[in-house]
Amino acid sequence: MKKALALIALILALMMVLSLASCGGEPTETKGPENPNTSAPETQKPDDGPTDGEVANKDKPLVWFNRQPSNSSTGELDMTAMNFNKDTYYVGFDAVQGAELQGEMILEYIKAHIDEIDRNGDGVIGYVLAIGDIGHNDSVARTRGVRKALDTAVEENGAIKSDAVGVNADGTATAVKDGTLEINGKTYTVRELASQEMKNSAGATWDAATAGNTIGTWVSTFGDQIDIVASNNDGMGMAMFNAWSKENKVPTFGYDANADAVAAIADGYGGTISQHADVQAYLTLRVLRNALDGVDVDTGIGTADDAGNVLSDDVYKYVEAERSYYALNAAVTAENYQDFLDATKPYGPVSNQLSTDSHPTKSVWLNIYNAADNFLSATYQPLLQNYDDLLNLTVEYIGGDGQTEGNITNRLSNPSQYDAFAINMVKTDNSASYTALLNQ
Ligand code: BGC
């Protein structure tokens, strides 16, 4: 009798559950705190791909990375883009801190090698400089950092000029001046012999091949007047190193700590700067993950998450007024390069796998502005690909041609398919090309 009653009770309970489900009752899945981005019913399995049909594209989490929305002439931040919605952020690195570090690294090298640095013994330390993109704030900062440290900077309206000089054989260029360095009681002149934006004929900037060719032109003009080669990044730096400076034992300095550049330090590459791409790639996806989970944006960043991921404040900073996360930089030289050889390894403190129960799989659309960019394709994207697994994000990677936004935006024809977006613009002024699509 008891058994029969229990069976009837069970059948009744089952019937109630079924009728609730068929009239669209609450989804049974447990979720984090309230978040409009996760309001769509999660009735499917976590790996079913895009879900949030009900969230308007304009309300989905958006992260700008590597190219900070800003005016390419004045550097002024584009706060409209950065405030596109409440889950919009920028992730990059501290451009000024890194640029100053690059300048100081070169200066330290000169001091340590003063007896052999002046190749033709004319008392002038000559350098050439490869500029990435005159309208990109990272590039501008690095040009300024080198000029400041080497005393060749000229100020205008309180800011160091960052224009290219072309050639400056006699020291009369107006964007720079001849600098003076006192080393071991002796005075040396420093001259920026030449600098140029490395843009190819199709318009792609930071172009390594252009730098590799340009060093040949500079060498035929300046020969052994060139004592140092400086570059706004390793892609261009390594192209110049491989084309000329390695064989001629001329110290060459870049930026990014790409694996090939770090390894080349053993062969005489002067040094590079790590912009902590391992931290940036994590932050790029992490801010999206947090918005999709509806948790505080600091989760897994300044505050440990449920898997123990957390960053310490010596590797990043958050500037709330700019809605920007900035990784901090570190110099990579002959002294410490062994620690940086593996450029695509996730950063230890944030390499713990999230569980799919509390962090169900979501889909992200992400673009790289130029598939041929050494740093982004050889360092940043492989890191993103490691973190997307750890954070349960299915990311569609789109590689642009580095020339037009259209080449990229054409491939975002159906934003509704994705839960979140990560954008790397071709030009820092062009945020509206993307936000217009999400606003439709
Ligand atoms: C990197 C460069 C890269 C550029 C692309 C910079 O932060 O240092 O190597 O070419 O970003 O936007």
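The model is predicted: local features need pLDDT of at least 70, side-chain atom pairs count only at pLDDT 80 or more, and totals for chains, interfaces and linings use all residues. Residues are numbered from 1 along each chain as its sequence is written, and side-chain values use heavy atoms, with hydrogens and water left out.

**Sheet and helix**

Helices (H or I, at least four residues) and strands (E, at least two) are DSSP runs, numbered from the N terminus. Two strands pair if DSSP finds at least two bridges between them. An open sheet of seven strands has the order S12-S13-S2-S1-S17-S15-S16, with mixed pairing. Its edge strands, S12 (316–319) and S16 (393–399), each pair on one side only. On average, neighbouring strands of this sheet are turned by 20° against each other, direction ignored. Axes are lines fitted to C-alpha atoms, for helices over the stretch in contact, and angles run from 0 to 180 degrees between N-to-C directions.

S12 and S13 (residues 324–327) run antiparallel and are joined by four bridges. Within this pairing, valine 319 stands opposite serine 324 in S13.

Helix H9 (residues 277–293) lies across S1 (62–65), S2 (88–93), S12, S13, S15 (362–368), S16 and S17 (420–423), and runs at about 165° to S2. Contact here means heavy atoms within 4.5 Å.

**Aromatic pairs**

Rings of Phe, Tyr and Trp (its six-membered ring) pair if their centres lie within 6.5 Å; planes under 30 degrees apart count as stacked, over 60 as edge-to-face and the rest as tilted. The whole structure holds 13 aromatic pairs. Two of them are tabulated.

| Pair | Type | Centre to centre | Between planes |
|---|---|---|---|
| Phenylalanine 241 and tyrosine 269 | edge-to-face | 5.3 Å | 80° |
| Tyrosine 316 and tyrosine 325 | stacked | 6.3 Å | 25° |

Phenylalanine 241 lies in helix H7 (residues 234–248) and tyrosine 269 in the loop between helix H8 (259–264) and strand S11 (272–274), so their pair ties together parts 28 residues apart in sequence. Both phenylalanine 241 and tyrosine 269 are buried (under 20% relative accessible area; exposed is over 50%, partly exposed in between; 1.4 Å probe, protein chains only).

Tyrosine 316 is also buried, at 10% relative accessible area, as is tyrosine 325, at 2%. Ring pairs link Tyr316 and Tyr325 with Tyr89 and Tyr318 into a cluster.

**Charges over rings**

A charge sits over a ring if NZ of Lys or CZ of Arg is within 6 Å of the ring centre and within 35 degrees of the ring normal. Arginine 323 lies over the face of tyrosine 89, 4.4 Å from the ring centre. The charged end of arginine 142 sits over the ring of tyrosine 255, 3.6 Å from its centre.
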